[in-house]
Amino acid sequence: MADSPIEFKLSNMPSDGISAVKFGPNSSQFLLVSSWDESVRLYDVVSDSQRFKYTHSAPVLDCCFYDAVHSFSGGLDKTLKMYDFNTSTDQVVGTHTAPIRCVEYAPDVNMVITGSWDSTIKLWDPRGPSAVGTFPQPNKVYTMSVCGESLIVGTAGRRVLVWDLRNMGYVQQRRESNLKYQTRCIRSFPNKQGYVLSSIEGLWFWHQVQ
């Protein structure tokens, strides 16, 4: 007989739409949630408890763990924040000139990466933290995904770019989406050999990272 799925219904949910959910780096017990209610919350899924909450001055569009005790988040206030769970404090790490749509951590190169509607991605050193570099994109960044030492970026205009995070001097791959409408989400495979791309029409397509 097939195993039954295990579901957890959490209490004390955000008061507006949820923009991103990310499980902890070492355990599925902890869940980081960003929301249009301007908050970022850390939940203990097993005990159904909210461990931490901090806020931005505008809706938060994405968040990520750096390690078990630090998170990063960004949104419509154009700021990247880092939160320290040990001290319950947050600090503004840096800014974009337009809303931050995507926040990802790349463990293979130890960088936090932000993608913005200002048509740039920025790399940040989480130990500082400080900006390492700003890299123009062909249009607004809608989605991105870390794939080992590569970064896959989806922008307006159905553009998809693959960057080598070890050498950001040039774009490794450029292509247009095979799907007809606006790119909605890109996610890399766990084996780092490729990625899946979806669009607002409800279809998806996969590519290999060469």
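A residue is called buried when its relative accessible area is under 20%, exposed when it is over 50%, and partly exposed in between, as computed with a 1.4 Å probe on protein chains only. Alanine 106, with a relative accessible area of 0%, is therefore buried. The structure is a predicted model, in which local features need pLDDT of at least 70 and side-chain atom pairs count only at pLDDT 80 or more, while totals for chains, interfaces and linings use all residues. Residues are numbered from 1 along each chain as its sequence is written, and side-chain values use heavy atoms, without hydrogens and water.

- Strands are DSSP runs of E with at least two residues, helices are runs of H or I with at least four, and both are numbered from the N terminus.
- Two strands pair if DSSP finds at least two bridges between them; strand β1 (residues 18-23) and β2 do so in the antiparallel sense over 5 bridges.
- A hairpin of 6 residues leads from β1 to β2, and isoleucine 18 has serine 35 in β2 as its bridge partner.
- Strand β2 (residues 30-35) is mostly covered, with 5 of its 6 residues buried.
- On to strand β3 (residues 39-44), β2 again pairs in the antiparallel sense over 5 bridges, and phenylalanine 30 stands opposite aspartate 44 in β3.
- The hairpin of β2 and β3 has 3 residues between the strands, and glutamate 38 there takes a positive phi near 80°.

- Alanine 106 belongs to strand β9 (residues 100-106).
- Contact means heavy atoms within 4.5 Å; leaving aside neighbours within four places in sequence, alanine 106 is in contact with Met111, Ile113, Val146 and Leu165.
- Threonine 79 is in strand β7 (residues 79-84) and is buried, with a relative accessible area of 15%.
- Beyond four places in sequence, the contacts of threonine 79 include His56, Val92 and Ile100.
- The side chains of threonine 79 and aspartate 77 make a polar contact at 3.0 Å (a pair of N or O atoms within 3.5 Å; within protein, one must be able to donate a hydrogen and the other to accept it, and residues adjacent in sequence count only if both atoms are side-chain atoms).

**Aromatic pairs**

- Rings of Phe, Tyr and Trp (its six-membered ring) pair if their centres lie within 6.5 Å; planes under 30 degrees apart count as stacked, over 60 as edge-to-face and the rest as tilted.
- The count by this rule is 8 aromatic pairs.
- Phenylalanine 52 and phenylalanine 85 are stacked, because their ring centres are 5.2 Å apart and their planes are at 25°.
- Phenylalanine 52 lies in strand β4 (residues 49-55) and phenylalanine 85 in the loop between β7 and β8 (89-95), so the pair ties together parts 33 residues apart in sequence.
- Phenylalanine 85 counts as buried at 6% relative accessibility.
- Tyrosine 54 and tyrosine 83 are also stacked, at 4.5 Å centre to centre and 5° between the planes.
- This pair links strand β4, which holds tyrosine 54, with strand β7, which holds tyrosine 83, 29 residues apart; both tyrosine 54 and tyrosine 83 are buried.
- Phe52, Tyr54, Phe65, Tyr83 and Phe85 are linked into a cluster by ring pairs.
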